[in-house]
Amino acid sequence: MEEKIINPFEIMPPENRWRPTKEQQELFGEATEKLMPPLVEKIRQAVYEWRLNKYKGATETSKQLLNFWFEQKHDKTVYDIQQYFFLQREAIESIIYMYEVAKALDKYEMMRFDSSERITTGMFPENWTRYVIKAATGSGKTKIMVLAIVWSYFNKLYEKNSTLSKNQLVIAPNIIVLNRLKKDFEGLKAFKKDPAIPENGYFDQNWKNDFKPIIHFQDELKPISDDGNIFLTNIHRVYLTDTEPTQEEYYLGNKPKSDADKAKGLDLGKILRSTKIKDIVVLNDEAHHIHDPKMQWFKSIQDINNQLKLKQGKNISVQIDFTATPKHTNGSIFVQTISDFPLVEAINQNIVKSPVLPDEKSRSQLKEKISSKFTERYREFIGLGVHEWKLQYEEFKSQKTPLLFIMTTNTKEADETKEFLEKEYEILKDAVLVIHTNQSGDIKETGTSKKDKEKLEKLRKAADNVDSPNSPYKAIVSVMMLREGWDVRNVSTIVGLRPYKSKAKILPEQTLGRGLRKMFGFNIKEELVVVGSPAFIEFVEEIKKNGVKLGYRSMGGENKKKNSILIEIDKENKKKDIEMLNIVLPVLSPRIYRDFKDLSKIDENSIAIKTLKLKKFSDKELKKIVFRDINNKISHITEYSDTVPDYRNVVKFFTNNILQSVRMFSGFEQLYPKVENFIKTILFGKEVKLSDAQTIKNLAEPKAKKIIYDTFKTLIDKQTIKDNKTAKLKSKIHITEAKPFFADSKKFLPPTKSAFNKIIGDSDFELDFAAFLDTSPDIISFAKNYLSLNFRMEYQGEDGNLHDYYPDFFVKENENTIYIIETKGREDLDDIRKIARLKTWCEDVNNLQNEIKYIPIYIKQKNWDKYREDIRKFADIKKLFKIKKV
């Protein structure tokens with residue numbers, strides 16, 4: 001049975017998060033501290049309640065940033081994303097909560113959140129504030145880093161006596177990671193493409209104008225600025241002396257003298273330890289390398305902190321580490337971890353690809369040959385990998401080039417595999433890239449001459465650009481797995497032909513990490529096929545201990561998988577005039593919105609209800625009380641004998657569920673006393689004693705729950721949902737600028753009168769209507785409203801909440817007239833509200849501009865079927881179905 005995809009944007013209550021079960025621990029023989037960070041459980045709960053409590057205790061600047069980042073959808077025409085994933089939200093919230101509210105700035109305060117009762121002060125070797133953010137590979141750690149920088153910068157700028165900093169030291173472990181970060185940070189790109197910095201005027205501050213840090217790359221130092229500095233470097237530049245490590249010393253801690261890639265001139269290491277730096281925040285990317293205080297990475301940060309303490313009298317403001325695998329060599333997770341987004345949740349939310357392995361039958365047919373020749377020994381394993389890759393290649397090649405990734409044991413085997421692939425498979429001729437890497441996962445140098453250096457740089461560029469449509473490569477062979485930073489998205493098949501052993505138990509996720517990033521959006525499910533020797537598969541399956549559910553299916557036979565359909569603008573079709581077929585759609589500001597006003601203005605006495613009679617329960621019935629949440633799922637079961645449950649927890653339960661039902665994440669303090677008073681004095685028609693077990697048992701009854709939820713939902717909607725009575729024209733959507741996407745295999749129409757190459761329908765009715773439009777002689781063009789267009793309008797549903805409405809079709813009758821059409825099979829109450837909203841949207845847009853008139857049409861299937869034989873052209877549609885008074 002296919003796992004249900006969880007919305008990656010929705011807030012997840014702590015009780016719904018993944019945690020290791022006792023059975024998992026017994027099955028895999030793992031202690032909890034190797035599967036779950038010891039502080040995270042309590043921090044999650046505290047942050048969840050703090051969020052509901054309107055971020056009480058944070059600085060005004062932090063509250064304003066949190067409100068901007070997470071309490072509104074952002075304009076997709078301005079930013080690359082409309083909203084952040086919940087994982088990113090929870091991570092930055094955890095940082096702010098621990099620093100500003102819990103004030104957990106040292107090991108003693110951190111240990112207050114320990115759930116394991118096993119950690120000691122000796123597990124915190126640093127004497128400055130350090131937080132670790134654990135987030136699965138491919139889940140967007142850099143976005144969290146950007147938010148952390150913005151938070152620190154503006155708090156230092158706007159908050160008096162802030163202990164944060166406008167100076168940020170961003171450290172990478174190697175050149176691959178550093179180059180990736182450089183692309184994001186150059187020209188402050190990462191701060192502009194996402195909604196990280198509020199617009200000028202937001203809460204009367206000039207945010208965008210005031211954000212003026214200078215980017216310093218390695219030793220290419222510019223003058224140190226009072227407006228802030230972002231130092232972007234790999235770890236070698238900040239070591240204690242002028243030297244860099246050999247690969248062995250990279251891990252063991254010592255370093256030889258070297259100036260191999262040291263820029264002449266200013267020395268970043270010295271600048272960071274000078275009096276020019278008054279305060280600083282340290283951010284480490286791929287920070288699983290800092291697993292031992294004896295390592296140079298740790299010692300270098302320690303030295304920077306000591307110098308700051310000596311010269312400025314204070315520690316580093318905060319050190320924030322980002323990694324998917326924060327584990328020590330014994331397998332235990334860093335105790336400083338305050339936020340955890342594991343791979344199991346990333347897969348369940350469709351943020352990354354889903355790993356799929358051959359089933360038992362498919363694996364049993366693979367035999368390792370007795371041969372001294374590597375490719376002969378593993379011929380069947382390589383063949384299966386190529387077979388599965390070919391299926392993906394044929395499916396996606398028109399849009400992306402899926403990559404085959406093969407891991408071997410040594411460089412000789414890698415070179416042999418390249419030769420074998422290019423000789424054996426015509427499709428891979430001159431299309432295989434071999435990458436030899438060193439112990440740190442960086443691309444290996446083969447010599448010191450100028451020619452060797454040029455060859456190395458060319459190889460690095462080839463590796464960085466394999467996702468590019470101009471890349472000639474379809475397969476990559478490597479010994480090491482390019483441990484981190486090699487953030488390509490197109491790896492679709494991994495073939496492992498080497499055994500792995502690691503006491504730290506972190507390599508399965510690192511190995512899969514090379515292929516986890518998705519080629520397409522999170523709304524499209526993608527597979528990562530994993531094939532390999534029995535030892536490799538056994539190694540990969542170790543990841544099950546972390547809750548990851550691996551997929552298994554038959555491989556190697558005929559392709560039984562349904563092909564996806566590529567939907568794109570039909571630019572290659574010479575029979576179409578794409579410009580003429582274009583349809584322009586205005587984007588309006590929301591007309592209906594939720595005004596997050598003070599909920600204390602709600603009057604729970606103002607609404608008439610049918611009161612309940614207080615039931616009398618037996619002592620036996622009182623021993624078990626079951627509370628169900630807003631979705632009728634069991635929230636918790638209370639069993640007691642001599643004690644009575646605390647009624648305040650019950651009131652809190654109802655208050656949180658009410659806020660969740662209206663999609664509000666603040667206002668708890670204002671709403672709680674209202675709910676308490678309603679239950680105490682109104683619900684039962686008389687005043688009741690809340691601490692009485694009889695009252696609490698009555699509150700668990702379905703009727704009581706429904707009255708409480710319905711009453712407060714009505715009151716909150718009345719108080720907060722507003723209609724502007726007008727809208728503003730924000731931007732325009734052009735159909736011809738739609739991004740390509742893949743859809744699940746279904747019936748489709750290859751249209752002649754649409755800019756799209758295919759029209760798919762959610763029903764036979766939609767396809768029939770599309771076919772009719774394609775043959776209508778009196779229209780210029782039409783289009784299906786695909787999600788990739790992002791054309792929607794808000795409306796208030798029958799449940800009282802705000803929802804997005806996506807009409808079905810657009811029809812351009814002429815250059816001055818466009819119809820917005822809704823087709824409907826079975827009508828419900830929400831459909832009536834949608835059509836009313838469509839009508840007002842057309843009225844608003846026609847009042848705002850006069851270039852194009854937009855007209856709504858609503859077609860019910862029963863009426864379409866009734867008149868279908870008489871409908872010959874679009875003019876007939878207008879007569880029969882056009883909504884009046886527009």
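Predicted model: local features only at pLDDT ≥ 70, side-chain atom pairs only at ≥ 80, totals over all residues.
**View 1. The whole chain, for orientation.** The protein chain has 30 helices and 30 strands; these are DSSP runs numbered from the N terminus, with helices being H or I of at least four residues and strands E of at least two. Of its 886 residues, 56% count as buried (under 20% relative accessible area, with exposed meaning over 50% and partly exposed in between, using a 1.4 Å probe and protein chains only). The accessible surface comes to about 40500 Å², and carbon and sulfur atoms account for 48% of that (Shrake-Rupley method, 1.4 Å probe; for residues, only the protein chains shown count as cover). Among contacts (heavy atoms within 4.5 Å) between residues at least 6 apart in sequence, 74% join residues at least 24 apart.

**View 2. Strand β6 and its two neighbours.** Six of the six residues of β6 are buried, so the strand is largely enclosed by the rest of the structure. Look at both faces: V318, I320 and F322 are buried on one side, and Q319, D321 and T323 are buried on the other. Strand β1 (residues 130-135) pairs with β6 in the parallel sense over five bridges (two strands pair if DSSP finds at least two bridges between them). The pairing of β5 with β6 is parallel too, over five bridges, and here V281 stands opposite V318. Together β5, α12 and β6 make a right-handed β-α-β unit; right-handed means that, with the strands pointing away from the viewer, the path from the first strand over the helix to the second runs clockwise.

View 3. K314 and D279 form a salt bridge, with their closest N and O atoms 3.7 Å apart (a side-chain nitrogen of Lys or Arg within 4 Å of a carboxyl oxygen of Asp or Glu). The pair links distant parts of the chain, 35 residues apart: K314 sits in the loop between α12 (296-312) and β6 (318-323), and D279 in the loop between α11 (268-272) and β5 (281-285). K314 is partly exposed at 33% relative accessible area, whereas D279 is buried at 9%. A search of the whole structure finds 51 salt bridges.

View 4. The side chains of E388 and R553 join in a salt bridge, 3.1 Å from N to O. E388 belongs to helix α16 (residues 379-396) and R553 to strand β14 (residues 551-553), so to speak two distant parts of the chain, 165 residues apart. E388 counts as buried at 3% relative accessibility, while R553 is partly exposed with a relative accessible area of 23%.

View 5. E843 and K839 form a salt bridge whose closest N and O atoms are 2.9 Å apart. Both residues lie in helix α28 (residues 829-848), four residues apart, about one turn of the helix. An α-helix has 3.6 residues a turn, so residues three or four places apart point the same way. E843 is partly exposed at 27% relative accessibility, and K839 is partly exposed at 25%.The structure also holds 41 aromatic pairs (rings of Phe, Tyr and Trp, its six-membered ring, with centres within 6.5 Å; planes under 30 degrees apart count as stacked, over 60 as edge-to-face and the rest as tilted). The rings of F791 and W841 have centres 5.4 Å apart and planes at 85°, so this pair is edge-to-face. F791 lies in the loop between β25 (781-784) and β26 (793-796) and W841 in helix α28, so the pair ties together parts 50 residues apart in sequence. F791 is buried at 2% relative accessibility, and W841 is buried with a relative accessible area of 2%.

View 6. Eight of the 11 residues of helix α7 (residues 175-185) are buried, so the helix is largely enclosed by the rest of the structure. Those buried residues are I175, I176, V177, L178, R180, L181, D184 and F185. Just after α7, G187 takes a positive phi of about 65°. F185 also belongs to an aromatic cluster with F68, Y153, F154, Y158, F191, Y202, F203, W207 and F211.

Methods: Residues numbered from 1 in each chain as written. Heavy atoms only, no water.
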